[in-house]
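Hi everyone, thanks for coming. I'll walk you through a few spots in one structure, so please have a look at it first.

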Amino acid sequence: MPRRPSNVVNPTAPHFLTAPTVDLLPVTGVQYRVRDAGAGALTGFAVQVSPGGVKTYTLDYRVRGDRRTLRMTFGRFPLVPPNVARREALAAKSLALTGRDPAAERVKENTQLRELRDSAKRISREQRDAVRAASLHTLERLARDYVRDRRHQLKAGTVALYESAIATALTGDLGATPLQQLTQSDVRELLRTVAEKQLPAGVTREPRPSRTIEGKVLRPRATGGEGAARTLRRLLKSVWSYAADERELVTGRCPVPSAKSAGLVEREKERFLSPEECARLLRTIELAATVGIPPAPEFRRTPATGATAKHRPSVGVETPFSASPVAIAALRFALLTGWRRTEILSLEWSMIRRDLGVIILPDTKTDESVRAISPEALAILEAVPRLVASRWCFPSPKSPRTHLRTITRLWAAVRHAADLRGARLHDLRHTAASLAINAGASLVEVQAMLGHKSARATQRYAKLIPSTGLRAAEKLSAALDAAAKAPVPTVTPITSARRRRV
């Protein structure tokens, strides 16, 4: 039996708009609106019923940077189903968040289509359809369609990077180019422009003003760079595959160059700590936890000067600060486990399975991950001051409702005091992997410890410490030594006389 609509009792109450529920909306002789509500609903989306019973989909939205509330329509029921109208409204709302008015874009698009239709009256029907398809399937539009359709498969951080790449690189002249007309030289020029931190042709972006804090002028962070170019290249390659495989709009070779030919190969940073550096690091962490260490140069306070100097604390720039025990525990846990920073700081008590000796991380870079936990690492967690109202293993000292956000200041101070120049917090992950491999752990065991999806990602850690290859070289030398010292067998030559007797 078909399910009863959710608005049978009160048809005009807010509910999740579907075809059966919209069909139940009565004609009252007065215009009224029923907004979309419930699980999966879109804020601002509604259906408007006219006095004569015409049911039209509407969306109330605001353009970024504009305080006015605007309204836009998306067809009538039953010619347009509610799910189709909701999808179009979601695309319009996403466009409004970028600072562009979807209603104005629609008017502009309709105007362009009218101009195309007027100019194509003398062209055959097949050519006219091709021109219209080319004007609709532009690079920018297909990129937005790809992000919208793949949103449930991508990580939130990846979606944010792709949306930023579209806004800063594909809203100009090249973004308005039909995908079928995209050439490899166009893509190379775009990637080069982004890598050099320049704006592509046709892209308009308001400059961010500089800020002044305590007399220091903080200039806005530059956009673009090699990292942004690498992200844009991956996005363009995915858009081409999406248009070719699912939309069947393009065929042939992808015009997006490889990362190697475009000069965008990411160099792997293989900095790791030697055993002597690990010893210095551990001693410095212990010193920070007990006596205290001075802050790193980039985090030191400027000397108190000026009219308000007497109201500021009279501490010197070299004055040691007492580190938070939670931050100290997080840093020790990072060195002992090799986990990623976000995995450590967002760890919850409910993820720990003491009966199995593992920790189940539900959402990591490689989706769900099950990590074995050593007794020493578990002892670090047990020693962290526990807050009753907090579910986090490393709670924030400011609020128990959230976890510790960063340990950058502590790591910078420890790195400076231990004289670990150029070391990053992520290098502790490399160090844990290389030390485990050189202690006899197999690649499969290190892969499970680090949460890698494939053994290929773990393979590069096997070469980090020279002793990995040194053992093989020593075994080869020993084998050659043994071969050289082996006794030489005595060989008796066969004479011609013995050969005749035989």
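Glu248 has a positive phi of about 55°, although it is not a glycine.

A quick word on the source: this is a predicted model, where local features need pLDDT of at least 70, side-chain atom pairs count only at pLDDT 80 or more, and totals for chains, interfaces and linings use all residues. Residues are numbered from 1 along each chain as its sequence is written, and side-chain values use heavy atoms, leaving out hydrogens and water.

Another backbone spot: the peptide bond from Phe77 to Pro78 is cis, with omega near 10°. Pro78 lies in the loop between β4 (70–77) and α2 (82–97). Most residues other than glycine have a negative phi, and most peptide bonds are trans.

Now, helix pairs. Helix α7 (residues 184–195) packs with α8 at an angle of about 150°, their axes 7 Å apart. Axes here are lines fitted to C-alpha atoms, for helices over the stretch in contact, and angles run from 0 to 180 degrees between N-to-C directions. So α7 and α8 are roughly antiparallel to each other (under 35 degrees counts as roughly parallel, over 145 as roughly antiparallel, 65 to 115 as roughly perpendicular and the rest as oblique). On the α7 side, Val187, Leu190, Leu191, Val194 and Ala195 meet residues of α8, including Leu232 and Leu236; contact means heavy atoms within 4.5 Å. By class, that contact has 9 nonpolar, no polar and 2 charged residues (Ala, Val, Leu, Ile, Met, Phe, Trp, Tyr, Cys and Pro count as nonpolar, Asp, Glu, Lys and Arg as charged, and the others, Gly among them, as polar).

Next, helix α14 (residues 427–438) and helix α15 (residues 443–450) pack at about 150°, with axes 10 Å apart. That makes α14 and α15 roughly antiparallel too, therefore. Among the residues making the contact are Arg429 and Ala433 of α14 and Val446 and Met449 of α15. The contact of α14 with α15 divides into 8 nonpolar, no polar and 1 charged.

Conventions: Helices (H or I, at least four residues) and strands (E, at least two) are DSSP runs, numbered from the N terminus.
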